[in-house]
Amino acid sequence: MIKMIHDPICAIATSPGISALGIIRCSGEGSWEKLLPFVNVTDPKPWRLYLTPFTINGEMIDEVMIAFYKSPKSYTGEDMVELISHGSPLILRIILQELIKVGFRQALPGEFTKRAVLNGKMDLIKAESIETLVSAHSKKALKAALSNYSGRLSQTINRIRETLLELLAKVEVELNYPDEIEGSDDEIIRELEKTLSRVKKLIRHGENGIVAVNGVKTVIAGRTNVGKSTLLNALLRRDRAIVTDIPGTTRDTIEEDISINGIYFRLVDTAGIRESSDKVERIGIERSLKQIKEADLVLFMVDLIEPENDLELYEKLRKEFRHSILIGNKLDMVEKCPDGFDVCISAKTGRGIDKLENLMVERTQDITELYPDEVFVTERQLALVQRSVEMIEEILEALKSGITPDVVGSYLQQIIFIYDELTGRYSAEDLLDKIFGNFCVGK
């Protein structure tokens, strides 16, 4: 059982640094009473905004706007106060220190949202989407987070859970009234197979949300000296990687992020693949091969001046690619783009880069398209649903082997428990600490 904590907490909710405004957020029992001595508000009404001096021992620190929120109609479900001052870090720090002196505790990362979950203001899926909203790198990531925040995935999960609950009820009735009720394994098998198909579809579609949030891992690969680092710089529109005519200049991976048409790509420039006696370079090459296996998209570069060896390497490695684009580079040094290439470019002059970017979006459409009701934004969500698939498959196999209803009921209870962990109906305290520990302070 998770211990409910309502002690008063406070935190600066705006980013560090100088800004026009700064916000301090407070929540918990006694929040109003502890703050009132500092402001000229004698009888605060909830959900109203007051302009007032903030004073300490009669000395004005700043003129602030202050809003009071009454439990349970607040973000955390507790009494809350939000104080808006000028955005001076010094002002915010002085006010925060004074609040701590009168009994507030400095909030932990994500503690406001954690309290909202514990107080039933939102489920865990929606809570995770808030962190994704705050840290979104692209429009796709933002769209995925908003889909979760709106409760669409929660509704889908709850419908699946309800189906499993109805099946469990049928099994329990059969167990308790064996003489009056004669159950049918065939009916349970049909319902479970339909549910399994639904959950597998959810996984296929939902994984795209994680790609949208984490980015399309895009590895620039090829032999040494084909222009991989030059391509990275061209895509970034700035010099990020060192470029020389010396083979093997890039000895380790270099990672950068870009957004193309609202899609987040994580670019990885790798060491050139070749035979090498240099120990350090060999380590870089091994890392390159590992990155290729893990990539969502491989940009494989071929030197158009001497393409034979590069194409041979491409054919050797292409079975490892999930998605790939075969790029002919150094178009500025040949007459035309030969047949067989997806796109030809000059990484040095920038010619063809726009075509390459459009192709990157097009080639990864199947893993970036979002399905509004079926979007995961964390690996935790995906892993739990995948575990439920494994257990449904185990039940079906066991049913076909003639297991008894009590065993079926036990399996169904475990799967329902998985979905309860997903939405936060049940969550171990250490799991919540881990999830909300990634949040910013004040959220």
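**View 1. Cysteine 10 sits buried, at 0% relative accessibility.** Here, buried means under 20% relative accessible area, exposed means over 50%, and partly exposed is in between (1.4 Å probe, protein chains only). This is a predicted model, where local features need pLDDT of at least 70 and side-chain atom pairs count only at pLDDT 80 or more, while totals for chains, interfaces and linings use all residues. Residues are numbered from 1 along each chain as its sequence is written, and side-chain values use heavy atoms, with hydrogens and water left out. Cysteine 26 is buried too, at 1%. Its sulfur is 5.1 Å from that of cysteine 10, the closest cysteine sulfur, and that's too far for a bond.

**View 2. Cysteine 337 and cysteine 344 are joined by a disulfide.** The whole structure has 1 disulfide (a pair of cysteine sulfur atoms within 2.5 Å). The S to S distance for cysteine 337 and cysteine 344 is 2.0 Å, and the link is right-handed, with 60 degrees about the S-S bond. As for the two ends, cysteine 337 is partly exposed at 32% relative accessibility, whereas cysteine 344 is buried at 8%.

**View 3. Arginine 105 reaches aspartate 7 through a salt bridge.** A salt bridge here is a side-chain nitrogen of Lys or Arg within 4 Å of a carboxyl oxygen of Asp or Glu. For this pair, the N to O distance is 2.8 Å. The partners come from distant parts of the chain, 98 residues apart: arginine 105 is in strand β6 (residues 105–106) and aspartate 7 is in the segment before β1 (9–12). Helices (H or I, at least four residues) and strands (E, at least two) are DSSP runs, numbered from the N terminus. Arginine 105 is partly exposed at 28%, and aspartate 7 is partly exposed at 28%. Both belong to a salt-bridge network that also takes in Glu78, Glu111 and Arg115.

**View 4. Glutamate 98 and lysine 101 pair up within helix α2 (residues 89–101).** They're 3 residues apart, about one turn of the helix, and their salt bridge spans 3.7 Å, N to O. Glutamate 98 is buried at 15%, while lysine 101 is exposed at 65%.

**View 5. Glutamate 357 is a buried residue, with 12% relative accessible area.** You'll find glutamate 357 in helix α11 (residues 353–363). Leaving aside neighbours within four places in sequence, glutamate 357 is in contact (heavy atoms within 4.5 Å) with Leu235, Arg237 and Ile260.
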